[in-house]
Amino acid sequence: MKNKVVIITGGSSGIGKAMAFAFGNEGAKVVISARHSGPLLLVGQELSQRGIENETVVADVSIEADTRKLIETTINRFGKIDILINNAGITMRSLFEDLEDIEVIRKVMDVNFY
């Protein structure tokens, strides 16, 4: 993994955060993205404290302009992308029959599938 460039969406917590450290500990340069800047920046600082070269990008994967920004930032910083891990995901916390707004399903599909 040495000098590979890895993008991890949903990189501010859980599995995404763990993968950022795992790849970074193996010598990869890590780009993490998430929708909320606070937790994302904290993980970026933790990676830096461990000597892991990283970049953080606030991005919502359901917004095409944000994904373009993620790619452009990575290329500008590291010159390439070797690995993309699509880890970002959301859930609907209700029964389908209780759904009042179809936009909820649309958002789940935009993030998790498209």
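Predicted model: local features only at pLDDT ≥ 70, side-chain atom pairs only at ≥ 80, totals over all residues.
Residues are numbered from 1 along each chain as its sequence is written, and side-chain values use heavy atoms, with hydrogens and water left out.

Seven salt bridges are found in the structure, a salt bridge being a side-chain nitrogen of Lys or Arg within 4 Å of a carboxyl oxygen of Asp or Glu. One of them joins Glu46 to Lys17, with 3.4 Å between the closest N and O atoms. This pair links distant parts of the chain, since Glu46 belongs to helix α2 (residues 37-49) and Lys17 to helix α1 (residues 14-25), 29 residues apart; helices (H or I, at least four residues) and strands (E, at least two) are DSSP runs, numbered from the N terminus. Glu46, at 31% relative accessibility, is partly exposed, as is Lys17 at 25%, where partly exposed lies between buried (under 20% relative accessible area) and exposed (over 50%), computed with a 1.4 Å probe on protein chains only.

A network of salt bridges links Glu53, Glu55 and Arg77. Within this group, the side chains of Arg77 and Glu55 meet at 2.6 Å, N to O. Because Arg77 lies in helix α3 and Glu55 in strand β3, the pair ties together parts that are 22 residues apart in sequence. Arg77 also forms a salt bridge with Glu53, the closest N and O atoms being 3.7 Å apart. Arg77 is partly exposed at 38% relative accessibility, Glu53 is partly exposed at 37%, and Glu55 is partly exposed at 22%.
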